[in-house]
Amino acid sequence: MATYLYCILAPARAEALRADLMGIGGATVRSLVVPEAAGLEAWVATIVDARFRVTGDALAKLALLHNEVVDAALATGRTPLPARFATCFADDAACIADLAKRYAELHAGLERVANAVEMAVLLVPTNGSRPAGDSRPLRDEPSAGRRYLEVVRKRTRNEEQLRIAAEQLAARVTAAVKGIVRGETRVLSPQLLSIAHLVGRADLQRYRDTLAGVTPGPQFKILVAGPRAPYSFATD
Amino acid sequence: MILAARTVMSERDDPIAAPSKTSGHEAIGPASPPDIALEALARALPDRINADPEHVENGLARLVLTVIELLREILEHQAIRRMDGGTLSDEQIERLGLALLKLNERMEELKTTFGLTDEDLNIDLGPLGRLR
Amino acid sequence: MMPNAPDDDEMAEHHLVLGDLLNRVLDKGVVISGQVTISIADIDLLAVDLKLVLASVQTALERYDSAQNGDISLLHSGSRKG
């Protein structure tokens, strides 16, 4: 048995967490108030079996469940501070004690994300998610070794050039939304360059309109996703 | 999409082994190839390796092949840098290339033998590449 | 290259967006102490050890690079850090 923490919210006036919200393991989400921390609210659930050490699809499902709960918090109109996935405590008391200890940091975090949401701008290469089929030389051919290295080098160079182009496009995106967003982080993966923005709820339409005006060029397409809870801006 | 497995460890565990709490993802800039690949590898390591005797081979195979695949990539990257650096003779280049070609082929065989795809090994592939 | 059917493109995009979300969910968020202790079974120790080994491999590769030495032993972990 453990207390699983989904997210933290600023003290609410009369917001009621709906009684039937369920998360991981079908456990009902409850609200804990932390009196020593100026009434911070934590959304938690009692988890019977803390099975987080899984990979692949099983992990994806758990993470999606986690996000559903955090999303429900976002939907109340307040902006939650998402807790790190799989954050558990021995019990409610331990959770409350810990949150109280970290009040200053949490308060700063809540201020930072208040009335804002996270949006994602994904820069996706148009030439497909799989690298072009390798033309690996057969081992018996002359200079097979050198030619293999040349094939690898060509692929590596293509990757590098595409990365540079992605960074350039990302720079244009950043410049375009500069006055509108509160924060930005970037993550580069083999499939795409992902930019996360912290955007005030009131600025969302202006943000979207501005992004629509950024031309991606032939090498990339731009996907805009969100709003989400501010995972990427939960810590400094 | 390949998902990285995460290891959650309490503060009482060995600090060297604990995953860094602030991932370095925010900064985009030059990083040495081993750093990035090792970070990717650390994230790719499966949290639970099935200790069920019937399946233990497969779990360990996944782990070992994951490690070798990423190391293989690092080595290819290094080999090309050496080749471009002009410090290798033609014969050395050929030997190096052949060795890596054979390693590549061997890895494909092993993956087939264990019925494992790159997705199973939690290895991200894509046009933007992994090492930089 | 054959263009994908519109549905394929949409599904691919959905997949990418979902993947991006999951990467953020799994990697970000406020970190609070008191996380559950993962039971230290034999296999867990193996995974931990591997990370130390890899750190040693990284050091070995860096030394290799600067020494411009053509020989490298893949699985020599070198000196383990305590």
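Colleague: Why does A:A86 count as buried?
Modeller: The cut-off for buried is 20 or more other C-beta atoms within 10 Å. A:A86 has 25 C-beta neighbours inside 10 Å, so it counts as buried. Bear in mind that this is a predicted model.

Colleague: Where is A:A86 found?
Modeller: In chain A, in the loop between β4 and β5.

Colleague: How far apart are A:A86 and A:A58, in sequence and in space?
Modeller: They are separated by 28 residues in sequence. In space, C-alpha to C-alpha, A:A86 and A:A58 are 13 Å apart.

Colleague: Turn to helix α3 of chain A. Which of its residues are buried?
Modeller: In α3(A), residues 103-113, the buried ones are A:L106, A:G109, A:L110 and A:V113.

Colleague: What makes these one face of the helix?
Modeller: Look down the axis of α3(A). The buried residues fall within an arc of 100 degrees, so they line one face.

Colleague: Which residues of α3(A) are exposed?
Modeller: A:A104, A:A108 and A:E111, on the other side of α3(A).

Colleague: What do the buried residues of α3(A) pack against?
Modeller: Strands β1 (2-9), β3 (40-47), β4 (81-82), β6 (116-125) and β8 (193-200) of chain A, along with helix α2 (92-101) of that chain. Just after α3(A), A:N115 takes a positive phi of about 60 degrees.

Colleague: And α2(A): which residues are buried there?
Modeller: A:C95, A:I96 and A:L99 are buried in α2(A).

Colleague: How do you know that they are on the same side of α2(A)?
Modeller: By the arc around the axis. They cover only 95 degrees, which puts them on the same side of α2(A). Their packing partners in chain A are β1, β2 (29-34), β3, β5 (88-89) and α3.

Colleague: What is in the largest nonpolar core?
Modeller: It has 71 residues, and A:Y6, A:C7 and A:L123 have the most contacts inside it. Domain 1 (2-113) and domain 2 (116-233) of chain A each give this core at least three residues.

Colleague: What does A:C7 touch?
Modeller: Leaving out residues up to four places away in sequence, A:C7 touches A:W43, A:V70, A:A73, A:P80, A:L81, A:P82, A:A83 and A:A229. A contact here needs C-beta atoms within 7 Å.

Colleague: What about the contact of chain C with chain A?
Modeller: It takes 20 residues from chain C and 37 residues from chain A. The chain C side divides into 11 nonpolar, five polar and four charged residues. Chain C has two helices and zero strands. Of its 82 residues, 23% are buried.

Colleague: What is the secondary structure of chain B?
Modeller: Three helices and zero strands, in the pattern α-α-α along the sequence. Of its 132 residues, 33% count as buried.

Colleague: Where in chain B is confidence lowest, and where is it highest?
Modeller: Helix α1 of chain B (residues 33-44) is lowest, at a mean of 53, and helix α3 of chain B (residues 90-114) is highest, at 90. The mean pLDDT of chain B is 65, and 53% of its residues reach 70 or more.

Colleague: Over which residues of chain B does pLDDT stay under 50?
Modeller: Residues 1-33 are one such stretch, with 61 contacts beyond four places in sequence in the model. Residues 47-54 are another, with 17 such contacts.

Notes. Residues numbered from 1 in each chain as written. Chains lettered and ligands numbered in written order. Predicted model: local features only at pLDDT ≥ 70, side-chain atom pairs only at ≥ 80, totals over all residues. Buried ≥ 20, exposed ≤ 12 C-beta atoms within 10 Å, placed from the backbone. Helix = DSSP H or I, 4+ residues; strand = E, 2+ residues; numbered from the N terminus. Arc of directions from axis to C-beta. Contact = placed C-beta atoms within 7 Å. Nonpolar A, V, L, I, M, F, W, Y, C, P; charged D, E, K, R; others polar. Core = buried A, V, L, I, M, F, W, Y, C linked by C-beta atoms within 7 Å. Domains from an automatic or database assignment. pLDDT = per-residue confidence, 0-100.
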